[in-house]
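Subject: Structure handover

Hello,

Here is the structure you will be working with. My notes on what was found in it follow below.

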Amino acid sequence: MTTYNGHCHCGQTEWTVQLDDPGHILCHCDACKMLSGGECTLNTLAGKNDIKITKGKLGTYDYQGDSGNPVHCYYCPNCTSHVYHHQTVMGDKIVIRTALLEGGKKFKVAAEIFGKDRLGWQPEVAKTFPGPPE
């Protein structure tokens, strides 16, 4: 595993995360489009115990995911950069925002999820799942 440092837009919140094989998972779900204000979010999966907040504290809120189960969101309370989400349906895995990690610009696209919600003008760039990966 490799340790990656992350920080929010304003710098008030910092963290480290351990990742095996970092790669962007593009999520095209409507919730991610609303959160980002863009066409998708850039993510990867990690274990709940693989992230450590090293500066600041995170704000939280919950919403209901497509599965009908809660999604817990963790973000910088100052600039509102979303650090990670925990979808309860995923057990001990969390969804890390890879664009906030140092070196994240070099990560390759590993997959796309919620391809059924991709904007019509957006090309497919990796193996695509219509919803969450099975």
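Two strands are said to pair if DSSP finds at least two bridges between them. Strands (E, at least two residues) and helices (H or I, at least four) are DSSP runs, numbered from the N terminus.

Before the findings, two remarks on the source. This is a predicted model, in which local features need pLDDT of at least 70 and side-chain atom pairs count only at pLDDT 80 or more, while totals for chains, interfaces and linings use all residues. Residues are numbered from 1 along each chain as its sequence is written, and side-chain values use heavy atoms, with hydrogens and water left out.

Strand pairing

Strand E2 (residues 14-19) pairs with E5 in the antiparallel sense, over 4 bridges. Within this pairing, Thr 16 has Lys 52 of E5 as its bridge partner. Both strands belong to an open sheet of 3 strands, in the order E1-E2-E5, with antiparallel pairing. Its edges are strand E1 (2-7) and strand E5 (51-55), each of which pairs on one side only. From one strand to the next the twist averages 25°; the axes behind this angle are lines fitted to C-alpha atoms (for helices over the stretch in contact), and angles run from 0 to 180 degrees between N-to-C directions.

Strand E3 (residues 24-27) has two partners to report. With E10 the pairing is parallel, over 4 bridges, and Cys 27 has Ile 113 in E10 as its bridge partner. With strand E4 (residues 41-47) E3 runs antiparallel, joined by 3 bridges, and Leu 26 stands opposite Leu 42 in E4. As a general point, strands of a sheet pair through backbone hydrogen bonds, either parallel or antiparallel.

On the side chains of E3, His 24 and Leu 26 point one way, Ile 25 and Cys 27 point the other way, and all are buried. Buried means under 20% relative accessible area, exposed over 50%, and partly exposed in between (1.4 Å probe, protein chains only).

Nonpolar cores

A nonpolar core is a set of buried Ala, Val, Leu, Ile, Met, Phe, Trp, Tyr and Cys residues joined through side-chain atoms within 4.5 Å. The largest one has 12 residues, including Tyr 4, Trp 15, Val 17, Leu 19, Val 83 and Tyr 84. E2, E8 and strand E9 (93-97) each supply at least two residues of this core, and E2 gives the most, with 3 residues. Leu 19 is in contact (heavy atoms within 4.5 Å) with Met 1, Thr 2, Tyr 4, Thr 44, Leu 45, Ala 46 and Leu 101, leaving aside neighbours within four places in sequence. A second, separate core has 8 residues, among them Cys 27, Cys 29, Ile 113 and Phe 114.

Aromatic pairs

How many aromatic pairs does a search of the whole structure find? The search finds 3. Rings of Phe, Tyr and Trp (its six-membered ring) pair if their centres lie within 6.5 Å; planes under 30 degrees apart count as stacked, over 60 as edge-to-face and the rest as tilted. Tyr 61 and Tyr 75 make a tilted pair, because their ring centres are 5.8 Å apart and their planes stand at 55°. This pair links distant parts of the chain, 14 residues apart: Tyr 61 is in strand E6 (residues 59-64) and Tyr 75 in strand E7 (residues 70-75). Tyr 61 is partly exposed at 30% relative accessibility, whereas Tyr 75 is buried at 19%.

Tyr 74 and Tyr 84 form a stacked pair, 4.4 Å centre to centre with 15° between the planes. Tyr 74 in strand E7 and Tyr 84 in strand E8 (residues 82-87) are 10 residues apart. Tyr 74 counts as partly exposed at 21% relative accessibility, and Tyr 84 as buried at 13%.

Gln 122

Gln 122 lies in the segment after strand E10 (109-113) and is buried, at 12% relative accessibility. Its side chain makes a polar contact of 3.3 Å with that of His 28. A polar contact is a pair of N or O atoms within 3.5 Å; within protein, one must be able to donate a hydrogen and the other to accept it, and residues adjacent in sequence count only if both atoms are side-chain atoms. Not counting residues up to four places away in sequence, Gln 122 touches His 28, Glu 39 and Cys 40.

Regards
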